[in-house]
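Subject: Structure for you to look at

Hello,

Here is the structure I said I would pass on. Please open it and keep it beside you while you read the notes below.

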Amino acid sequence: MGGDYSSRLKGERAWLLARIERDNDVTLEEIRAELQTARGLAVGYGTVWRFYAAEGISFKKNRARGRTRAA
């Protein structure tokens, strides 16, 4: 338990912040997939979530989209 929790994403900070600024409706899973394909960095969902949480950026549901209505 415990230990050094140095983020593997420190070197990608500029890219990650630019990515969320370019499209603020992107999901964490989409960012994680882009990190692997475009940047060659395989990380988990939690790693991406913790990075953005540390930067004070949250991913809230978009109220404009709403829920699917029952038939």
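This is a predicted model: local features need pLDDT of at least 70, side-chain atom pairs count only at pLDDT 80 or more; totals for chains, interfaces and linings use all residues.

Residues are numbered from 1 along each chain as its sequence is written, and side-chain values use heavy atoms, with hydrogens and water left out.

A search of the whole structure gives 4 salt bridges (a side-chain nitrogen of Lys or Arg within 4 Å of a carboxyl oxygen of Asp or Glu). Three of them are described here, one after another.

R39 and E12 form a salt bridge, with 2.7 Å from N to O. R39 lies in helix α2 (residues 28-39) and E12 in the segment before α1 (13-22), so the bridge ties together parts 27 residues apart in sequence. Helices here are DSSP runs of H or I with at least four residues. E12 is buried, at 15% relative accessible area, and R39 is partly exposed, at 38%. Buried means under 20%, exposed over 50%, and partly exposed in between (1.4 Å probe, protein chains only).

E55 and R13 also meet in a salt bridge, at 3.0 Å from N to O. This pair links distant parts of the chain, 42 residues apart: E55 is in the segment after α3 (45-54) and R13 is in helix α1. E55 is partly exposed at 30%, as is R13 at 41%.

In the salt bridge between R32 and E29, the closest N and O atoms are 3.2 Å apart. These residues are 3 apart in helix α2, which means about one helical turn separates R32 and E29. R32 is partly exposed at 24%, and E29 is partly exposed at 36%.

Regards

Definitions and conventions. Helices (H or I, at least four residues) and strands (E, at least two) are DSSP runs, numbered from the N terminus.
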